[in-house]
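Dear colleague,

I am handing over the structure that we spoke of, shown just below. Please look through it first, and then read the notes that follow.

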Amino acid sequence: MTPEQEQTDELRHLRFHGAKTARHRSLTCGRLAPTVPSRLRTPESEPPDRPDEFLCWLLDRAGLSISLYRTRPLERRLPACLRMLHVTSTDAAKARLKEHPELLYAALGSLLLGVTAFFRDPPVFAALRDLLPRRPALPSRLRVWSVACSDGSELYSVAILLAELALLDGSDLLGTDCRPDAIRQSRSGVYSPTGLADLTPLLRQRYFEAAGGRCRVQERLRSRARFEIHDFFQHAQPGPWDVILWRNTAIYLKLAAARAVWQRLAEQLRPGGILITGKAERPDCSVPLTRLTNCIYMRTGMGT
């Protein structure tokens, strides 16, 4: 068996339950969808929001500004927030949070819905797996930033991907989130078995160890990933970054706020670097990004 055949055989283990078979075959063979620039127009205005008083109070307590968020999606999450706090009204929720301030970020998380899992949206990771080794603009030592990283499973998924591609050594992997409890969870690297549902048994064996009925990311991955409390509305982590993941967060923001973040992230990408978004998200047309395939964009020139 040639070295190339050995590498191909090794990468066959990196499979994701739920990925479409035909799509997976095309990616494995190195055939990405055609590179077609995609600049979807974004409306310049949107209906004004009338923020709920409790939402204003909660976000302010967490150091966030309600002016940046679309309040309707947050209001739809209010029942989940009340259930998490075991109360039936926003007045009772406020009283409970004043009495138990340690619940603040859990309440915020129930509103912002930090749903994540290892290799969530498998076709996106399959495309990234195929794309990274063939990007001439990317160095062998990669810098990866997971913005609003939630419990860290997204960044650890990238670490597994890089390990399978023999690109992990020397790479710099950073996950940031404004919620201290999310960062604590990320640093621990401990997850329930259900969060690993999209991993093959072989990958679970390679990269996780038993931890009292749960699963812990092995030290060789944890040592490569760092996690920091960070508010990306205030400033970006200094680049240049080769890969930035900002997924399923822009959908909660007002258009102007999302546009500012897209621009800030693009500025921190290396030319030819990659931005990964959520399924329902599209970078603003003013940002110098070119669509490579679903949810994956490349930074082009940063001219006017």
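L78, L82 and L85 in α5 meet T90, A93, R96 and L97 in α6, where contact means heavy atoms within 4.5 Å. By class, the residues of this contact of α5 with α6 are five nonpolar, one polar and one charged, with Ala, Val, Leu, Ile, Met, Phe, Trp, Tyr, Cys and Pro counted as nonpolar, Asp, Glu, Lys and Arg as charged, and the others, Gly among them, as polar. This is a predicted model, in which local features need pLDDT of at least 70 and side-chain atom pairs count only at pLDDT 80 or more, while totals for chains, interfaces and linings use all residues. Residues are numbered from 1 along each chain as its sequence is written, and side-chain values use heavy atoms, with hydrogens and water left out.

Helix α5 covers residues 78-85 and helix α6 residues 90-99, and the two pack at an angle of about 45 degrees with their axes 10 Å apart; the axes are lines fitted to C-alpha atoms, for helices over the stretch in contact, and angles run from 0 to 180 degrees between N-to-C directions. The two helices α5 and α6 are therefore oblique to each other (angles under 35 degrees count as roughly parallel, over 145 as roughly antiparallel, 65 to 115 as roughly perpendicular and the rest as oblique).

With helix α7 (residues 104-112), α5 packs at an angle of about 150 degrees, the axes being 8 Å apart, and α5 and α7 are therefore roughly antiparallel to each other. Here L78, A80, C81, M84 and L85 in α5 meet A106, A107, S110 and L111 in α7, and this contact of α5 with α7 has eight nonpolar residues, one polar and no charged ones.

**Elsewhere in the chain**

The chain has 13 helices and ten strands, these being DSSP runs numbered from the N terminus (helices H or I, at least four residues; strands E, at least two). Of its 304 residues, 49% are buried, meaning under 20% relative accessible area with a 1.4 Å probe and protein chains only. Helix α8 (residues 122-131) is mostly covered, with nine of its ten residues buried, among them F125, R129 and D130.

Q218, in the loop between β5 (214-217) and α12 (219-222), is buried, with a relative accessible area of 18%. A polar atom of the Q218 side chain lies 3.4 Å from the backbone oxygen of F208.

With best wishes

Definitions and conventions
Buried < 20%, exposed > 50% of the residue type's maximum accessible area, 1.4 Å probe, protein only. Polar contact = N/O pair within 3.5 Å; in protein donor to acceptor, adjacent residues only side chain to side chain.
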